[in-house]
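This report describes selected features of one protein model. The sequence and structure are shown first, and the description follows.

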Amino acid sequence: MTHSTAVVTGAARGIGLATAKQFLAEGRQVAMVDRDAAALESACAPLDNVLPLHLDISLPEQVDTMIDATLTAFGHIDALVNNAGIADFGPIARTGFDVWQAIMATNLSGPFLTVQAAAPVMLRSGGGAIVNIASISGHRASTLRVAYGTSKAGVIHLTKQQAAEYGNQGIRVNCVCPGPVDTEMAKKVHDAVIRQSYHDSIPLNRYGEEREIAEAIYFLVSDKASFINGQVLSVDGGFESTGIGLPDLRAK
Ligand code: NAD
């Protein structure tokens with residue numbers, strides 16, 4: 001199947017914007033969804049074949065609007081990338097319930113709501129592919145990430161539930177776990193100590209680029225991944241696969 005239309009959430013900047021541009025470069029039409037109106041407007045201004053949708057994917061009625069508006073503009077939906085996410089790092093003792101709920105609402109409830117709403121529409125036109133964006137923080141626990149890391153661990157399992165249920169109906173669902181990428185989100189939550197720790201813990205010894213995450217997302221949506229379903233792909237320079245010792249080894 002050719003995935004000629006895509007919905008990308010959190011598309012106004014960072015990994016989402018790079019992903020939208022990747023779909024456009026491959027000749028697709030893209031509904032670019034974001035709750036930051038100004039950023040969305042400036043991101044979409046230079047682009048053709050896009051539908052800017054100023055929406056919050058943590059709210060069920062706005063998710064319905066996202067689907068309806070995309071159908072009105074494009075007629076069908078072939079691909080969905082659940083990229084919108086928020087991060088707020090802090091110790092458990094200082095993570096307020098409001099912060100916990102806000103992170104869960106966008107990072108975990110969002111991909112539940114969007115897939116629930118998009119799947120029947122995708123099935124009407126023969127199926128499609130979905131990629132959920134989790135994080136290496138969903139694989140490996142760390143200090144300060146009780147809400148963010150737990151939400152992303154949830155996204156990893158949600159992906160498997162969605163893949164199990166929709167696979168035989170014609171929708172593949174996979175997950176990408178990015179390593180650190182120097183987006184606005186990372187600038188907000190990665191202090192100097194975290195940055196050094198990442199360099200020490202990543203065999204490739206660097207941050208990733210938005211484009212490198214977008215390439216993996218596009219691959220999983222494309223027909224080249226036609227037998228890949230329910231998988232979790234870390235795009236992280238080797239972070240998830242390694243343990244201790246890299247700084248010592250580099251020093252030798
Ligand atoms: P970013 O903050 O630069 O961009 C996220 C975009 O999502 C923003 O434009 C924001 O307005 C939008 N957004 C947030 N909540 C929304 C909501 N409820 N509804 C609609 N739009 C919403 O972030 P990024 O670094 O590009 O991250 C993209 C995804 O990748 C996130 O899910 C993030 O958790 C994940 N991720 C990022 C990194 C990293 O180091 N940057 C690492 C691992 C995973």
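V115 is buried, with a relative accessible area of 1%; buried means under 20%, exposed over 50% and partly exposed in between, for a 1.4 Å probe and protein chains only. The model is predicted, so that local features need pLDDT of at least 70 and side-chain atom pairs count only at pLDDT 80 or more, while totals for chains, interfaces and linings use all residues. Residues are numbered from 1 along each chain as its sequence is written, and side-chain values use heavy atoms, with hydrogens and water left out.

V115 lies in helix α4; helices (H or I, at least four residues) and strands (E, at least two) are DSSP runs, numbered from the N terminus. Leaving aside neighbours within four places in sequence, V115 is in contact (heavy atoms within 4.5 Å) with L80, N82, P120, I130, N132, Q162 and Y166. The C-alpha atoms of V115 and N132 are separated by 9.6 Å, and these residues are 17 apart along the chain.

**Nonpolar cores**

A nonpolar core is a set of buried Ala, Val, Leu, Ile, Met, Phe, Trp, Tyr and Cys residues joined through side-chain atoms within 4.5 Å. The largest nonpolar core has 32 residues, of which F23, V30, M32, V131, V176, I213 and I217 touch the most other members. Two or more residues of this core come from each of β1 (5-9), α1, β2, α2 (37-44), β4 (79-82), β5 (128-133) and α8 (210-221). Helix α8 gives the largest share, six residues. Beyond four places in sequence, I213 is in contact with I15, V176, P178, V181 and V235. A second, separate core of 26 residues includes V33, L53, F74 and V173.

**Aromatic pairs**

Rings of Phe, Tyr and Trp (its six-membered ring) pair if their centres lie within 6.5 Å; planes under 30 degrees apart count as stacked, over 60 as edge-to-face and the rest as tilted. By this rule there are four aromatic pairs. One of them, F23 with Y218, is edge-to-face, at 5.2 Å centre to centre and 75° between the planes. Because F23 lies in helix α1 and Y218 in helix α8, this pair ties together parts that are 195 residues apart in sequence. The rings of Y198 and Y207 are also edge-to-face, since their centres are 6.0 Å apart and their planes are at 85°. Ring pairs link Y198, Y207 and F239 into a cluster. The relative accessibility of four of these ring residues is as follows.

| Residue | Relative accessibility | Class |
|---|---|---|
| F23 | 0% | buried |
| Y218 | 11% | buried |
| Y198 | 6% | buried |
| Y207 | 11% | buried |

**Pockets**

On a 1 Å grid over the protein atoms alone, a pocket is an open set of points where a 1.4 Å probe fits, with protein on both sides within 12 Å along at least five of seven lines; lining residues have an atom within 4 Å of a point. The largest pocket has a volume of about 880 Å³. Its lining has 45 residues, and R13, N83, G85, I86 and M185 are the closest to its centre. Helix α6 gives the most to this lining, with five residues.

The second largest pocket has a volume of about 310 Å³. Among its 16 lining residues, S142, R145, S197, Y198 and F239 are the closest to its centre.

Methods
Points joined across faces, edges and corners; volume = space filled by probe spheres on them.
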